[in-house]
Amino acid sequence: MASDKKNLSPSSSRKLNSPPAEETTPLIDNTKPLSSHPKTLANVFIAIVGAGVLGMPYAFKRTGWIMGLLILSFIAASTTYCMTLLVQIRRKLDSYENGTTNISSFGDLGFAVCGTLGRFVVDVLITLSQAGFCIGYLIFIANTLLHLFHDEPSSDLSLSSGMSLFTVKSLYIWGCFPFQLGLNSIKTSTHLAPLSIFADVVDIGAMGVVMLEDLRLIMRRRREVKAFGGVSVFFYGMGVALFGYEGIAMVLPIESEMKDNAKFNKILALSMGLTTLMYGAFGALGYFAFGDKTKDIITSNLGTGWISSLVQLGLCINLFFTFPLMMNPVYEIVERRFSGGRYCLWLRWLLVLIVTLVALFVPNFADFLSLVGSSVCCCLGFILPGLFHLLAFKDEQGCKGCSLDIGIMIFGVVLAISGTWFSLMEILSAKE
């Protein structure tokens with residue numbers, strides 16, 4: 001990135017703002033010890049991998065396994081490139097101010113490039129995306145507990161039949177509500193940090209158990225699978241893949257705490273590559289093992305043995321305690337805007353209530369992943385990085401660079417509109 005620090009236009013420098021103290025909400029503490037290469041690789045992996053992987057086999061069922069792998073690879077490469085654009089912009093701004101710009105989050109970057117409007121848009125999108133992840137967690141918990149503790153026909157175990165205020169599934173969600181009020185009342189996420197380690201261990205362990213079960217079933221019986229779905233499910237698959245790579249908002253904090261950040265792009269590419277291989281293997285094996293019977297949450301396909309039950313309960317506990325961690329960025333944003341940056345209990349409880357109410361009426365886990373990925377994650381992952389890079393580098397890069405940024409933005413807009421439309425159609429059709 002040495003070229004980013006040369007031939008900088010003074011006129012561009014005057015157009016870029018440094019965030020004032022009241023607008024700065026860094027996601028990390030700059031006084032923390034800097035991370036080594038292996039730790040940075042692990043941090044990127046942890047930031048990216050989430051509950052979205054559990055919907056990959058169902059997405060492969062819809063798109064076909066070859067199309068699913070192609071979509072996954074394309075989204076991974078595109079997202080990685082857009083993440084590097086954010087790093088380029090921050091390094092350019094640092095070169096203007098001799099490293100004193102204090103840009104440690106996506107919102108800081110939005111303010112530096114586009115002023116108050118830029119920060120507002122980023123804050124809104126991050127709030128929606130983080131809340132969307134938590135809604136997905138509640139849906140997963142409800143579906144899994146119903147599968148484990150209620151002897152209902154398999155067709156009723158899927159959330160595709162919809163939810164309401166007065167069903168067994170909704171009772172599981174309401175059962176989480178008072179406990180989440182307590183967990184989300186904790187002022188700082190520092191006290192919840194050990195839960196993050198537990199969550200990552202459970203995630204990896206559960207994925208390993210599921211993949212071993214998939215291999216066992218594949219060895220016993222080969223199911224008929226399709227390689228390609230159709231044009232109608234293309235955007236659906238793109239949305240689910242985008243949801244799977246949910247860590248773009250954490251790229252700048254992770255890069256800023258790296259000891260030798262000149263090599264960050266290589267480590268980012270390596271981590272994204274490993275994640276994509278894992279996602280692809282998990283999605284394909286799950287689809288190969290269950291074929292047309294693959295459910296929206298792959299763990300619902302597992303048997304009733306004690307190992308299977310422990311894995312599913314472990315994932316529920318994992319997501320239950322991950323909920324307040326994922327909501328913490330939302331609280332930082334909302335409290336900064338509505339309570340002067342001070343801790344506000346009633347605002348937090350109101351947000352937990354809103355997330356719970358939305359979860360009650362979402363009919364299908366994978367369809368919801370596609371909706372959040374196509375709408376919110378697409379804006380954060382493609383449209384804003386392309387726009388911010390275009391504004392920051394328009395005086396240095398030629399027509400080719402500007403055209404590439406514009407192309408990324410157009411792709412993001414098309415994907416957002418088309419993917420959101422198809423996802424909404426899937427959700428509405430599932431309710432009928």
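Axes here are lines fitted to C-alpha atoms, for helices over the stretch in contact, and angles run from 0 to 180 degrees between N-to-C directions. The helices themselves (H or I, at least four residues), like strands (E, at least two), are DSSP runs numbered from the N terminus. This is a predicted model, where local features need pLDDT of at least 70 and side-chain atom pairs count only at pLDDT 80 or more, while totals for chains, interfaces and linings use all residues. Residues are numbered from 1 along each chain as its sequence is written, and side-chain values use heavy atoms, with hydrogens and water left out.

Now for the overall picture. The chain has 15 helices and 0 strands. Of its 432 residues, 57% count as buried, where buried means under 20% relative accessible area, exposed means over 50%, and partly exposed is in between (1.4 Å probe, protein chains only). The accessible surface comes to about 18,400 Å², and carbon and sulfur atoms hold 68% of that. Such areas come from the Shrake-Rupley method with a 1.4 Å probe, and for residues only the protein chains shown count as cover. As for contacts (heavy atoms within 4.5 Å), take those in the chain with a separation of 6 or more: 84% of them join residues 24 or more positions apart.

Next come the helix pairs. Two packed helices are described by the angle between their axes and the distance between the axes. Helix 5 (residues 106-149) and helix 7 (residues 168-183) cross at roughly 125 degrees, and their axes come within 9 Å. The two are therefore oblique to each other; on this scale, angles under 35 degrees are roughly parallel, over 145 roughly antiparallel, 65 to 115 roughly perpendicular, and the rest oblique. Helix 5 passes helix 7 in a right-handed crossing. That label applies if the near helix is turned clockwise from the far one by less than a right angle, and left-handed if anticlockwise. On the helix 5 side, the contact uses Leu 138, Ile 141, Ala 142, Leu 145, Leu 146 and Phe 149, and on the helix 7 side Val 168, Lys 169, Tyr 172, Ile 173 and Cys 176. Sorted by class, that gives 10 nonpolar, no polar and 1 charged residue. For the classes, Ala, Val, Leu, Ile, Met, Phe, Trp, Tyr, Cys and Pro count as nonpolar, Asp, Glu, Lys and Arg as charged, and the others, Gly among them, as polar.

Helix 4 (residues 65-96) turns up in two pairs, one with helix 9 and one with helix 3. With helix 9 (residues 234-244), it packs at an angle of about 50 degrees, the axes being 9 Å apart. Helix 4 and helix 9 are therefore oblique to each other, and their crossing is right-handed. Helix 4 brings Ile 71, Leu 72, Phe 74, Ile 75 and Thr 79 to this contact, while helix 9 brings Phe 234, Gly 237, Met 238, Ala 241 and Leu 242. The tally is 8 nonpolar, 2 polar and no charged residues. Helix 9 is itself mostly covered, with 10 of its 11 residues buried; among them are Tyr 236, Gly 239 and Val 240.

With helix 3 (residues 56-63), helix 4 packs at an angle of about 120 degrees, and the axes are 7 Å apart. Helix 3 and helix 4 are therefore oblique too, and helix 3 passes helix 4 in a right-handed crossing. Here Met 56, Phe 60 and Thr 63 of helix 3 meet Trp 65, Met 67, Gly 68, Leu 69, Ile 71 and Leu 72 of helix 4. This contact has 7 nonpolar, 2 polar and no charged residues.

Tyr 287, in helix 11 (residues 264-290), is buried, with a relative accessible area of 1%. Leaving aside neighbours within four places in sequence, Tyr 287 touches Pro 57, Phe 60, Lys 61, Trp 65, Val 225, Lys 226 and Thr 294. Phe 198 sits in helix 8 (residues 193-220) and is partly exposed, at 37% relative accessible area. Phe 198 and Asn 318 are 120 residues apart in sequence, yet 7.2 Å apart in space, C-alpha to C-alpha. Gly 314, in helix 12 (residues 306-338), is buried at 14%, and its C-alpha is 6.5 Å from that of Val 202, 112 residues away in sequence.
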